[in-house]
Number of protein chains: 2
Amino acid sequence: MKTPLRIGIAGLGTVGAGVVKLLAEHGRLLALRGGRPLKLVAVSARSRSKKRDIDLAGVRWEKDPLALATASDIDVVVELIGGSGGIARRLVQKSLTSGKHVVTANKALLALHGAEIAAQAEKKDRILAFEAAVAGGIPIIKALREGLVGNRVQRLYGILNGTCNYILTTMRETGRDFDVVLAEAQAAGYAEADPSFDVDGIDAAHKLAVLTGAAFGARVNFGGIHVEGIRRVTSMDIQFAEELGYRIKLLGLARETKYGIEQRVHPCMVPLATPIAHIEGVFNAVVIDGDFVGTTMFQGRGAGQGPTASAVVADLVDVARGRHMPAFVVPADRLADRPASPMDRHVGAYYMRLMVQDRPGVISAVSGALAKERISLESMLQRGRSESGEVPVVLTTHATEEAAMRRALAHIAKLKAVAEEPCLIRIEAF
Amino acid sequence: MKTPLRIGIAGLGTVGAGVVKLLAEHGRLLALRGGRPLKLVAVSARSRSKKRDIDLAGVRWEKDPLALATASDIDVVVELIGGSGGIARRLVQKSLTSGKHVVTANKALLALHGAEIAAQAEKKDRILAFEAAVAGGIPIIKALREGLVGNRVQRLYGILNGTCNYILTTMRETGRDFDVVLAEAQAAGYAEADPSFDVDGIDAAHKLAVLTGAAFGARVNFGGIHVEGIRRVTSMDIQFAEELGYRIKLLGLARETKYGIEQRVHPCMVPLATPIAHIEGVFNAVVIDGDFVGTTMFQGRGAGQGPTASAVVADLVDVARGRHMPAFVVPADRLADRPASPMDRHVGAYYMRLMVQDRPGVISAVSGALAKERISLESMLQRGRSESGEVPVVLTTHATEEAAMRRALAHIAKLKAVAEEPCLIRIEAF
């Protein structure tokens with residue numbers, strides 16, 4: 001039997017414990033499939049006494065995770081601490097400069113420092129692998145970097161945050177509002193106590209940044225992403241969406257435009273006839289449009305112990321087999337440094353829902369504001385009277401430039417008869 | 001720049017021409033992504049004069065494809081001739097024994113001789129890659145061999161033949177019968193003049209055999225597959241399926257049972273609530289259930305020039321980067337040689353549709369035959385009278401063993417009041 005791949009794991013939360021379990025449970029299988037044994041040599045975590053339900057007999061405990069980076073008996077460091085800076089970043093960088101391979105699930109770190117860390121890995125001819133950073137168990141990084149390597153990616157988009165998708169699915173199924181469903185999700189453990197990372201779209205944006213880098217061979221550019229979360233999506237809008245033949249999903253989308261690379265995370269109306277409309281609950285899905293392969297979609301569980309451990313171990317087997325390639329498909333010094341395509345230049349269709357005083361002239365004023373910006377209406381829906389005197393008016397437009405839509409919206413919001421901030425949701429045509 | 005990977009292609013049909021186009025169109029991109037240029041050195045095909053719309057300037061033409069196997073200026077032979085024997089098999093084997101890597105889209109060859117050819121590749125330490133053999137552009141072989149390598153696969157199933165899926169989709173959408181839709185598909189070029197390879201399930205079975213080998217690390221066993229095609233699916237059954245909350249799909253399915261590995265290709269009723277029910281037209285999809293990752297699904301175009309070329313080129317980039325592993329995940333001499341789980345031992349639910357004389361006692365006789373085999377009914381549907389006096393009776397059962405169902409069916413078919421061969425379709429619960 002060949003020499004084992006010697007592994008050090010930093011971070012023994014849900015994912016770290018899952019990796020330890022998987023390595024133990026499938027040890028023989030992995031040795032066969034990886035061509036050599038995968039041997040856990042050392043671990044490090046904040047608390048040694050925490051109950052974890054894993055067997056660490058014979059595994060060295062390192063108090064300082066950074067010790068893994070320089071230990072002479074470790075070939076690959078698995079970073080599962082998380083966070084874009086601090087100890088996680090120091091560990092990854094020190095491991096690479098010390099000549100270790102690195103496997104990480106840290107999307108925040110990659111989103112903010114991906115290109116720099118990729119360059120460090122290449123300088124030392126070491127592997128930087130991060131399948132677990134995006135879409136849990138779905139092998140989407142491998143699909144982008146290898147399986148679809150023959151394609152110029154024309155567009156990618158996906159449901160990248162299970163918490164948001166769970167909330168939107170539940171809002172639709174129950175008719176309840178965002179705050180109520182979020183509180184339930186928190187009680188059930190599907191959402192964090194501080195949910196902003198998920199519901200404000202940051203987590204999805206981290207993942208989108210990493211995907212975009214791998215898909216377009218470009219420097220990861222988290223700062224170039226237009227990000228909106230799901231807090232302002234109401235059950236009323238979800239219901240209107242269904243009536244119009246759409247479903248509301250928080251998507252991350254990226255494509256090349258003549259202005260650069262457009263990356264955006266925001267609630268979208270997607271046609272009910274598209275497969276991604278039917279990805280519900282905690283599932284994730286990523287769609288890749290390639291110039292030769294056409295449209296492909298990959299779906300699965302986007303988080304959780306088993307799926308994420310599956311992704312980490314796939315990376316470890318790649319390391320065991322010495323399957324080497326640049327982190328973002330092309331060498332770090334050849335990564336494209338394209339500007340972020342400005343959101344004002346985005347072209348697409350829009351859904352707008354207003355609450356208006358039900359009196360003569362309102363529709364005329366609203367449609368006049370749109371006409372002034374040369375925005376053409378696709379449909380308009382007005383509902384009967386209400387006791388408060390405010391009624392919803394829903395408009396959908398044909399494709400128009402975001403800047404024009406924003407100008408029209410600002411004008412409309414100031415109309416006396418418009419009772420609250422209008423709700424604007426982009427419609428995606430696939 | 002590093003030394004190029006020198007490529008010889010045998011077969012310049014749709015796929016071969018697509019590979020030539022892709023290599024030409026994305027030459028610079030591929031050199032960057034593959035770490036070295038991918039250089040087409042020689043080609044061979046039956047007719048040199050055939051119009052192909054590809055540029056072969058500077059590419060050597062070999063009259064005899066076998067010359068590619070021994071040419072000193074070729075590193076990898078791409079076999080796109082097809083067929084399980086004859087020249088394709090000789091070319092693949094001779095290429096490997098001559099020390100070339102081999103990339104092939106030949107599912108028939110792999111289904112019948114996969115383990116043997118894998119052993120030849122390993123003996124010479126060469127790569128045998130076949131992403132294009134299954135599900136066109138979907139990188140499913142890579143997902144199984146690498147992306148999900150940390151999992152014990154519990155079950156896999158998929159829509160593996162685009163022609164059948166197109167026919168079933170069209171039958172459902174138009175209400176037309178199999179023969180009519182097949183003729184239309186032939187006229188439109190979606191089905192071959194001799195359609196038996198597709199509609200009788202052979203093509204799907206070839207692909208299933210290859211998937212099963214890669215998923216379970218087992219010797220490819222085409223002979224162990226239970227195969228039924230779609231010729232006997234009627235639009236009446238498609239309509240009943242919808243009423244019952246199902247959709248009829250030709251699936252290939254594989255799982256381990258206590259008797260061995262169960263592999264089957266046949267029309268299935270799949271619940272409308274499952275994602276695979278919504279894979280329509282020429283699209284393919286494969287679902288993998290892994291013990292850690294849970295359920296994952298991969299979908300895309302299952303055939304055609306662009307998608308298949310995308311898969312071939314992905315394999316070529318793996319070869320260029322020297323990404324090496326056993327063809328069926330574990331070394332050829334360690335492939336499991338498990339028996340085929342007999343179809344009689346299959347356990348599942350069934351849909352049965354009879355045409356019966358509308359007279360007293362028929363239902364009693366039918367249900368008596370089922371009761372005798374201890375098969376319990378889940379639902380029964382009987383439709384009003386017809387002029388011919390024959391009416392459809394539809395029954396669905398709870399899970400039962402296939403052998404019992406077969407015995408009951410034989411008994412029922414012999415009843416005087418049963419007018420034609422009963423239609424039996426397995427119901428799959430996912």
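What share of the contacts in chain A with a separation of 6 or more comes from residues 24 or more positions apart? The share is 75%, where a contact means two C-beta atoms, placed from the backbone, within 7 Å. This is a predicted model: local features need pLDDT of at least 70, side-chain atom pairs count only at pLDDT 80 or more, and totals for chains, interfaces and linings use all residues. Residues are numbered from 1 along each chain as its sequence is written, while chains are lettered from A and ligands numbered from 1 in the order in which they are written.

**Chain A as a whole**

- Chain A has 14 helices and 17 strands. Both are DSSP runs numbered from the N terminus: helices are H or I with at least four residues, strands are E with at least two.
- The radius of gyration of chain A, 24 Å, is close to the 22 Å that the globule rule gives for 430 residues, so chain A is as compact as a globular protein of that length. The radius is taken over C-alpha atoms, and the rule is 2.2 Å times the number of residues to the power 0.38.
- The C-alpha trace of chain A spans about 80 × 45 × 35 Å along its principal axes.
- Of the 430 residues in chain A, 55% are buried. Buried means 20 or more other C-beta atoms within 10 Å of the residue's own; exposed means 12 or fewer, and partly exposed lies in between, with C-beta atoms placed from the backbone.

**The six-stranded sheets**

- Strands of a sheet pair through backbone hydrogen bonds, either parallel or antiparallel. Here, pairing requires that DSSP finds at least two bridges between two strands.
- In chain A, six strands form an open, parallel sheet in the order S3-S2-S1-S4-S5-S6. Its edge strands are S3 (60-61) and S6 (128-129) of chain A, and each pairs on one side only.
- Strand S5 (residues 101-104) of chain A pairs with S6(A) over two bridges, in the parallel sense. Val102(A) stands opposite Leu128(A) in S6(A).
- Helix H4 (residues 86-97) of chain A packs on this sheet, touching S1 (5-10), S4 (76-79), S5 and S6 of chain A. The direction of H4(A) makes about 165° with that of S4(A). Such angles run from 0 to 180 degrees between N-to-C directions, with axes fitted to C-alpha atoms, for helices over the stretch in contact.
- In chain B, S4 (residues 76-79) and S5 (residues 101-104) run parallel, joined by four bridges. Glu79(B) has Thr104(B) in S5(B) as its bridge partner.

**How the copies relate**

- A rotation of 180° with 0.0 Å of shift along its axis superposes chain A on chain B, with RMSD 0.0 Å. The two copies are thus related as by a two-fold rotation axis.
- In chain A, the C-alpha of Phe298(A) is nearest the axis, at 2.4 Å. The superposition is by least squares on C-alpha atoms of residues with pLDDT of at least 70 in both copies.
- The copies meet through the same surface, because 100% of the interface residues of chain A are also interface residues in chain B.

**Pro139(A)**

- Pro139(A) lies in the loop between S6 and helix H6 (140-147) of chain A.
- Pro139(A) counts as buried because it has 28 C-beta neighbours inside 10 Å.
- Leaving out residues up to four places away in sequence, Pro139(A) touches Glu131(A), Ala314(A), Ala143(B), Gly147(B) and Leu148(B).
- Pro139(A) and Gln299(A) are 160 residues apart along the chain, yet their C-alpha atoms are separated by 9.3 Å.
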